[in-house]
Amino acid sequence: MESVQSERFCSSDADLVLQSSDGVQFKVHRKIMSRHSDVFMDANNISDGVSGDVVELAESAKVLDLLLSLMYRLDHAKTNLRNAGFDVLTAVADAAEKYYFDMASGICEVYMCEYSAEHPLEVMEYAIKHNYFDAMDSAAPWLMDKSSSEVLDTFEELKFLRAWMKYYSACTRRLGEIYSNQPSYSTLGHSYNTCPAEDALPKAVLQAIAIMKTDPVSFHNTDNLFSRPLITAAACPTCYEWFVGWKKQIASGIDSVSKFSTFIQK
Ligand SMILES: [Zn+2]
């Protein structure tokens, strides 16, 4: 393959050349590399393909560039990684693990957590693979509405599967309590007769229940999802207050359940 020189890593006093899978060469310094990872002390550790002074790596140029930028503590290295998109971030995270580059692994875990809502299964898979509890706890609440077959594939290992079963049942029990504890006119002093909007509260509650039925993770985003029920309840200040209290309970419902990782038998 014809190789291209990286514009960022092209120092003339470099003593190691890394080549990406897509043929870009990075001139780097062993001294800096070995500060972060013992692996780079000996080029034979990281590749089978040592041809001359060039070490061929399995990662793409995009991934290597981000990884090396972290090692060299370049400006915007973290921001660039954060903005690189989920697939690139996943590849950088895998490379960081492979090369025992702990500082990058830690940064990747933080950014992976930010994708919990968008890619909960992938984040959980990554967290389990590398045993990262914070990432597991971050992804777990977003798995509530995934099909059981999808989720079960993620938890191949028995101890994680057991933890998931326990966590899932604790969450559904808690949410069930909140959902069934819906506010109603049975409270003294306010009824259809005294409510200026007559049926603001029951209407809003029914609307909210309809949303929760079709969206099991609606507790994540009650502000947006419950916008219509909120407008309905707003027709009466008393009803509105009750409804907002219930909505708050729903929104924080899962927070009162122990984190996923606490269910893992150690
Ligand atoms: Zn009312």
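Predicted model: local features only at pLDDT ≥ 70, side-chain atom pairs only at ≥ 80, totals over all residues.

Residues are numbered from 1 along each chain as its sequence is written.

**Domains and core**

Let us start with the overall division. The domain assignment gives domain 1 (4-115) and domain 2 (160-256); such bounds come from an automatic or database domain assignment. Taken over C-alpha atoms, the centres of domain 1 and domain 2 are separated by 48 Å.

The largest nonpolar core has 64 residues, and Leu 67, Val 92 and Ala 96 touch the most other members. Here a nonpolar core is a set of buried Ala, Val, Leu, Ile, Met, Phe, Trp, Tyr and Cys residues joined through C-beta atoms within 7 Å. A residue is buried if 20 or more other C-beta atoms lie within 10 Å of its own, exposed if 12 or fewer, and partly exposed in between, with C-beta atoms placed from the backbone. Helices (H or I, at least four residues) and strands (E, at least two) are DSSP runs, numbered from the N terminus. At least three residues of this core come from each of domain 1 (4-115) and domain 2 (160-256).

Which residues does Ala 96 contact, leaving aside its neighbours within four places in sequence? They are Leu 67, Phe 101, Ala 104, Ser 105 and Cys 108. Two residues are in contact if their C-beta atoms, placed from the backbone, lie within 7 Å.

**Helix packing**

Two packed helices are described by the angle between their axes and the distance between the axes. For α2 and α4, the axes come within 9 Å and cross at roughly 60 degrees. Axes are lines fitted to C-alpha atoms, for helices over the stretch in contact, and angles run from 0 to 180 degrees between N-to-C directions. The crossing of α2 and α4 is right-handed; a crossing is left-handed if the near helix is turned anticlockwise from the far one by less than a right angle, and right-handed if clockwise. On the α2 side, Lys 62, Val 63, Leu 66 and Leu 67 make the contact, and on the α4 side Val 88, Ala 91, Val 92, Ala 95 and Ala 96 do.

Now follow the chain to helix α5 (residues 102-113). Its 12 residues should span 16 Å at 1.5 Å a residue, and this agrees with its end C-alpha atoms being 17 Å apart. The expected span is 1.5 Å times one less than the number of residues. Buried in α5 are Ala 104, Ile 107, Cys 108, Glu 109 and Met 112. These buried residues pack against α2, α3 (77-82), α4 (86-98), α6 (120-130) and α7 (133-139).

**Two loop residues with positive phi**

Tyr 100, in the loop between α4 and α5, has phi near 55 degrees, a positive value in a residue other than glycine. Tyr 100 is partly exposed because 14 other C-beta atoms lie within 10 Å. Asn 131 sits in the loop between α6 and α7, and its phi, near 60 degrees, is again positive in a residue other than glycine. With 10 other C-beta atoms within 10 Å, Asn 131 is exposed.

**Distances across the chain**

The table lists C-alpha separations for some residue pairs.

| Pair | Apart along the chain | C-alpha separation |
|---|---|---|
| Arg 35 and Ala 197 | 162 residues | 69 Å |
| Asp 102 and Tyr 240 | 138 residues | 50 Å |
| Glu 125 and Ala 77 | 48 residues | 25 Å |
| Phe 155 and Glu 125 | 30 residues | 7.9 Å |

Arg 35 belongs to helix α1 (residues 30-36) and is exposed, with 12 other C-beta atoms within 10 Å. Asp 102 is in helix α5 and is exposed, with 12 other C-beta atoms within 10 Å. Glu 125 lies in helix α6 and counts as partly exposed, with 18 C-beta neighbours inside 10 Å.

Phe 155 is in the loop between α8 (148-154) and α9 (158-180). Phe 155 counts as partly exposed, with 18 C-beta neighbours inside 10 Å. Not counting residues up to four places away in sequence, Phe 155 touches Phe 160, Leu 161 and Trp 164.
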